[in-house]
Amino acid sequence: MRKRVCEAGRARGAKFRAISGYSWCSAEVDWIVSCTRWLRWPSDRDKEEEACDCTCPRPTRISLRSRHVVITGGSSGIGLSMAKLAVLEGSRVSILGRNTDKLTAACQEIVSYPETVQNLADTAEPLAVFGKPQVYGYSADVKDFSSVEKALTEAVEKLGPIDVLICSHGVSTPARFEDTPLDSMYHMLDTNLKGNLHCLKAAIPHMKSRISEGPGCISIVSSQAAQVSLYGYSAYSATKGGLRGLAEGLQQELLEYNIRVSLIFPPDTETPGFVEENKTKHELTVKLSESSGAMESMDVAKAAIHGLKAGQFSITCNFEGLTLSTVTAGMSPQPSLAHALFEICTMGILRIVAFVVLAGWYKTIGEFNRGQRK
């Protein structure tokens with residue numbers, strides 16, 4: 001990227017040297033200036049951002065109106081619900097899935113969804129402004145890169161460059177690690193982790209070529225099991241936990257192209273996949289997770305779309321998700337100063353709460369194991 005000098009930053013640096021009376025080196029001044037710029041409100045920085053390339057994650061709004069939104073795993077579950085909400089926002093939608101019949105049925109359901117909605121309070125303008133939804137389905141297996149690349153190329157030819165990519169595909173077969181066949185582990189790894197690599201590798205070139213002025217967005221659906229694993233989820237958590245490192249690195253690489261990256265952490269969600277998941281759950285896994293009930297896919301989708309539009313990096317769907325995101329924040333990007341202060345003030349307290357919860361889990365596991373030995 002062509003480097004430009006931020007004149008406003010240079011002026012503040014010179015003023016800072018003069019006031020302090022200390023011979024600060026350029027690197028020290030640049031670091032202090034960048035920190036003070038981040039702490040200022042966006043309205044104070046807008047003009048300055050236009051004149052320099054001193055980019056860093058900061059509060060922004062991501063519009064979905066008249067933009068091309070691509071959703072993998074869009075024929076069912078959370079992906080289907082997010083596609084429905086995207087058309088309410090006026091988006092052009094492409095969904096990817098393996099089953100052609102399911103894709104056809106999903107496209108029809110998405111197109112007709114605005115007509116079934118009685119309360120349009122969540123939409124910015126009347127649906128008549130947007131016209132008939134443009135929704136297309138493409139058959140692709142995320143485990144096969146050439147399949148994904150072909151589908152995305154067709155989607156771009158049909159609806160234009162990708163503005164928003166939502167990776168909503170995923171599979172889970174929970175069981176004790178020793179009881180999980182290697183084939184099941186590889187299936188989860190190929191779908192949950194490698195599948196995202198394939199989608200991102202194929203989509204990013206198209207996103208960099210987009211012509212819309214607003215920020216682009218990549219949202220990857222992870223899981224609360226990636227924030228804290230649970231008995232019976234060891235293999236699954238490994239495949240979802242890797243998405244955090246992927247997203248954090250991508251945010252640094254893609255920020256110069258005005259592309260935001262976010263991670264969505266849904267809890268147990270009532271989807272067709274969740275029904276299949278329950279068939280292999282260990283009884284102790286069920287006992288440990290029964291205190292937190294499953295959410296409806298549409299409720300998860302609403303939280304995800306809201307967080308996406310707000311430019312959040314970590315998108316949570318309920319109070320438990322918020323506490324988990326806070327206590328595991330670490331070095332993750334945090335564009336919002338208010339959220340950053342909340343994390344700083346509450347992380348210690350929530351860590352204490354986490355110890356209490358973990359103690360309860362290990363007590364339950366111990367009691368179960370003792371009962372099995374009798």
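This is a predicted model: local features need pLDDT of at least 70, side-chain atom pairs count only at pLDDT 80 or more; totals for chains, interfaces and linings use all residues.

Guide: Residues are numbered from 1 along each chain as its sequence is written, and side-chain values use heavy atoms, without hydrogens and water. Helices are DSSP runs (H or I, at least four residues), numbered from the N terminus. The axes of α13 (residues 319–327) and α14 (residues 337–373) come within 8 Å and cross at roughly 100°; axes are lines fitted to C-alpha atoms over the stretch in contact, with angles from 0 to 180 degrees between N-to-C directions. The two helices are therefore roughly perpendicular (65 to 115 degrees). In α13, Leu 322, Thr 323, Thr 326 and Val 327 meet residues of α14, including Phe 342, Glu 343 and Arg 351, where contact means heavy atoms within 4.5 Å. UniProt, in an unreviewed entry, places a "transmembrane region" at residues 340–362, an annotation that may be inferred rather than shown by experiment. That span, residues 340–362, is 100% helix, with its end C-alpha atoms 31 Å apart.

Terms used:
Angles under 35 degrees count as roughly parallel, over 145 as roughly antiparallel, 65 to 115 as roughly perpendicular and the rest as oblique.
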